[in-house]
Amino acid sequence: MTDTRPFAITLFGATGFTGGLCARYLADHLPAGTAWAIAGRNTQKLDAVCQQLREAGCTRLPQTLVADVNDLDSLDKLAAASRVVLTTVGPYVNYGEPLVSACVRHGTHYCDLTGEPEFMYNMIDRYHVEAEKNGCAVIHCCGFDSIPHDAGALFTVRAMEAALGAPVQGRLEIEAAVSAAGTFSGGTWQSAITAFGRPRENRDAAQRARRVLNHAYPRRAHGLPQRPHRNPDGGWLCPMPTIDPLVVLRSARALPDYGPDFHYGHFAAVRSLPKLIGGVTGIGALVLGAQIPPLRRRLLAMHASGEGPSEAKRDRSWFRVRFRAHCQGHDVVCQVSGGDPGYSETAKMLAETGMALACDTAMPRRCGVVTPVMALEDRLVERLQAAEMVFEQLR
């Protein structure tokens, strides 16, 4: 990728709530002298973001670019001017593909916050080969979906290697238990309801992507049985119908470090059986309701994109993901934890992924439509640790 492009990073969607947090993080943490931009449809709103950054005392102010997902020429100009494009504009199944297409054509790295399996699978099917050929990384799921889980699984693999005193050779099982207190973003709600309402489209996209993945990454990785069971730390573990295990398993297929027989399970930690039953019932009702058009419209109207909680509420929020691993008679327990998962930490993770691509040498490790770990490997963990996300081995 040429270094003559005017912007190291362009953030698309900076006028939204999460986009605004990401813009502030970039303004505070980009290396001095790094040229960057924010992009969106409305010049006045973009100028307002710049003014807010100025009033906050930021000195690394961005330039502004007008771009719209319905204006393909504007997306081409945005991609051609940037080494890396970050986008917070979802639901991505509705608004994401034109920007992915522009980035792939121009060999521009792309990062988003999607948690939508259909969109991810469609991009693998349609753009993986071309992106790999053009030398760019298209990285989905760069927020709470799915970086703590993807990076945490890699961190746990490294801990198991240390326990074994050698690379992983046999069957490795990792079970992740997710706990959190916080508010999910309006964009996350919109994406989830949209995904729940498209089961056939999700299934068809997965089948098409599977052919691409089987050719590109012939190694296999497997999911652990998805059934509720007791948590060794107390309470219960409930299967989570999220994109996160799909991302972890893709990373495991691409990196030989996960061993020849990798198995991963992804669960929500709940304190009691009634809460487990209530959670399963609630998710089932959302999935069913999202498939009925009038109910889907009402659900979508409940939380609009761009909404978010106060700073005080975000400061009280937290997440924790505990990883239990077993391999060849050895057991290790690792944990990833941080602050507000839906907004502050998600903005941080997206920004750090973009900065790794734009500013670090020898990045990305892999091109094509890839996961965060496939693209950045251990550098992702190092950046997140430096950004005060906690990665620790408990035993």
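This is a predicted model: local features need pLDDT of at least 70, side-chain atom pairs count only at pLDDT 80 or more; totals for chains, interfaces and linings use all residues.
In helix α6, Pro-117, Glu-118, Tyr-121, Asn-122, Ile-124, Asp-125, Arg-126 and His-128 meet a set of residues in helix α9, namely Glu-201, Asn-202, Ala-205, Ala-206, Arg-208, Ala-209, Val-212, Leu-213 and Ala-216.

**How α6 and α9 meet**

- Sorted by class, the residues of the α6 and α9 contact come out as nine nonpolar, three polar and five charged.
- Helix α6 covers residues 117–134 and helix α9 covers residues 199–216; their axes come within 8 Å and cross at roughly 45°.
- With an angle like that, α6 and α9 are therefore oblique to each other.
- As for handedness, α6 goes past α9 in a left-handed crossing.

**Two more helix pairs**

- In general, a pair of packed helices is described by two things, the angle between their axes and the distance between those axes.
- Take helix α3 (residues 72–80) and helix α5 (residues 97–106): their axes cross at roughly 45° and come within 9 Å.
- So α3 and α5 are oblique to each other.
- Here the crossing of α3 past α5 is right-handed.
- On the α3 side you'll find Leu-72, Leu-75, Asp-76, Leu-78, Ala-79 and Ala-80, and they meet Pro-98, Leu-99, Ala-102, Cys-103, Arg-105 and His-106 of α5.
- The residues of this α3 and α5 contact split into nine nonpolar, one polar and two charged.
- Next up, helix α7 (residues 147–164) packs against α16 at an angle of about 110°, and their axes are 9 Å apart.
- That angle makes α7 roughly perpendicular to α16.
- Ile-147, Ala-151, Leu-154, Phe-155 and Arg-158 make the contact from the α7 side, while α16 brings Asp-378, Leu-380, Val-381, Leu-384 and Gln-385.
- By class, the contact of α7 with α16 holds seven nonpolar residues, one polar residue and two charged residues.

**The second largest pocket**

- This pocket has a volume of about 810 Å³.
- It is lined by 31 residues, and the ones closest to its centre are Leu-21, Arg-24, Tyr-25, Asp-28 and Ser-344.
- Five helices each supply at least two residues of the lining: α1 (17–29), α2 (43–55), α13 (311–315), α14 (344–359) and α16 (378–386).
- The biggest share of the lining comes from α1, which gives seven residues.
- Charged residues number 12 in this pocket's lining, next to 11 nonpolar and eight polar ones.

**The cavity**

- The structure has one cavity of 30 Å³ or more.
- The volume of the largest cavity is about 30 Å³.
- Two strands, β7 (171–181) and β12 (318–327), each give at least two residues to the lining of the largest cavity.
- Of the elements involved, β7 gives the most to that lining, with three residues.
- The cavity lining contains four nonpolar, one polar and four charged residues.

**Backbone spots to look at**

- As background, most peptide bonds are trans, and most residues other than glycine have a negative phi.
- Gly-90 and Pro-91 are joined by a cis peptide bond, with omega at about 0°.
- You can find Pro-91 in the loop between β4 (82–87) and α4 (92–95).
- Another cis peptide bond runs from Met-363 to Pro-364, and its omega is near 0°.
- Pro-364 sits in the loop between α14 and β14 (368–370).
- Ala-362 is not a glycine, yet it has a positive phi of about 60°.
- Look for Ala-362 in the loop between α14 and β14.

Technical notes. Residues are numbered from 1 along each chain as its sequence is written. Side-chain values use heavy atoms; hydrogens and water are left out. Axes are lines fitted to C-alpha atoms, for helices over the stretch in contact, and angles run from 0 to 180 degrees between N-to-C directions. Helices (H or I, at least four residues) and strands (E, at least two) are DSSP runs, numbered from the N terminus. Angles under 35 degrees count as roughly parallel, over 145 as roughly antiparallel, 65 to 115 as roughly perpendicular and the rest as oblique. A crossing is left-handed if the near helix is turned anticlockwise from the far one by less than a right angle, and right-handed if clockwise. Contact means heavy atoms within 4.5 Å. Ala, Val, Leu, Ile, Met, Phe, Trp, Tyr, Cys and Pro count as nonpolar, Asp, Glu, Lys and Arg as charged, and the others, Gly among them, as polar. On a 1 Å grid over the protein atoms alone, a cavity is a set of points where a 1.4 Å probe fits but cannot get out, and a pocket is an open set with protein on both sides within 12 Å along at least five of seven lines; lining residues have an atom within 4 Å of a point. Grid points are joined across faces, edges and corners, and a volume is the space filled by probe spheres set on the points.
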